[in-house]
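Thanks for coming. I will talk briefly about aromatic rings and how they pair up.

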Amino acid sequence: MNLRQSSKKQAKIKLALQGCAGSGKTYSALLLAHGLCNDWTKIAVIDSENGSADLYAHLGTYNVLNLSENFTPETYIEAIKVCEDAGIEVIIIDSISQCWDYLLEYHANLQGNSFTNWQKVTPRINAFMQKILQSRSHVICTMRCKQDYVLSEKNGKMVPEKVGLKAVMRDGIDYEFTIVFDINMKHQAIASKDRTALFVNKPEFIITPTTGQAILDWCNEGVNIEMIKSKINQAKTIEELTSIYHAYPEWNIQLSSDFTTKRVQLQEAMKQPSINYQPNFTRYGNNATTTC
């Protein structure tokens, strides 16, 4: 256990959009994604919503990976890996609610005690969420909300209006994401959770690529892996190298080879015999002669 000073690290955003059907989650996710990377070819949509991602092909030549009625957590994990291996910078998972629906049905069909059967479900959804959080790409997840109707006044008349309630996903899923946007039926978003403080206490707004650009600027603030590599290369002693290692524990696995190589170099340098550069003087009479 080592104390260290806090420092802002460059990061990949893990963001969620939740709303009713028709609120514009997929469209908003694509606009956010383009703001994050400014290259449609570096965006991929993992589509579990019956090909809804292709409805917006006019926006740009983004990639689509269709999940055909196979919504297990393991399938989603494999789909994310496929996107990462292809060099995708922004992965949109549309939606993760399908995965939760599958797990609820799987749990309902298990024999035995309902409570203890969650032991067969929880590790699978945890593995899926960890794959999202540890991805080296930006990840945008959409979640469907349970919906209801409320009466609101419009032009002097009471008309029913569709509103979103709870997201179709595991309880407490909001805690996993850096930002959670709630989108209403007017396609307006408001941040129900925001660790970036970019959207705190701001009124409802329409998501555009500019929103993604603002999030990207926040992600790029602070220390990145190249900066840490530079510090490793500039280390003069084993103690200094050890200090760098403990200062950035989240990078230790990725930079293990860099730390090892530099440690070997420093250890080899310590074994080298010191060279005496002081000249020797031999006196002949009143004259001093330098000899090597």
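Predicted model: local features only at pLDDT ≥ 70, side-chain atom pairs only at ≥ 80, totals over all residues.

**Aromatic pairs**

A pair of aromatic rings is described by the distance of the centres and the angle of the planes. By the rule used here, there are nine aromatic pairs. I will go through two of them.

Y56 pairs with Y27. Their ring centres are 5.4 Å apart and the planes meet at 55°, so this pair is tilted. Why does the pair tie together separate parts of the sequence? Y27 belongs to helix α1, residues 25–37, while Y56 is in the loop between β2 (43–47) and β3 (63–66), so the linked parts are 29 residues apart in sequence. Y27, at 34% relative accessibility, is also partly exposed.

Next, F181 and F199. Here the centres lie 5.1 Å apart with the planes at 75°, and because an angle over 60 degrees counts as edge-to-face, that is what we call this pair. F181 sits in strand β7, residues 179–183, and F199 in the loop between β8 (188–194) and β9 (205–206), so this pair joins parts 18 residues apart in sequence.

One last item is a charge over a ring: R124 lies over the face of Y106, 5.0 Å from the ring centre.

Methods. Residues numbered from 1 in each chain as written. Heavy atoms only, no water. Phe/Tyr/Trp six-rings, centres within 6.5 Å; stacked < 30°, edge-to-face > 60°. Helix = DSSP H or I, 4+ residues; strand = E, 2+ residues; numbered from the N terminus. Buried < 20%, exposed > 50% of the residue type's maximum accessible area, 1.4 Å probe, protein only. Lys NZ or Arg CZ within 6 Å of the ring centre and 35° of its normal.
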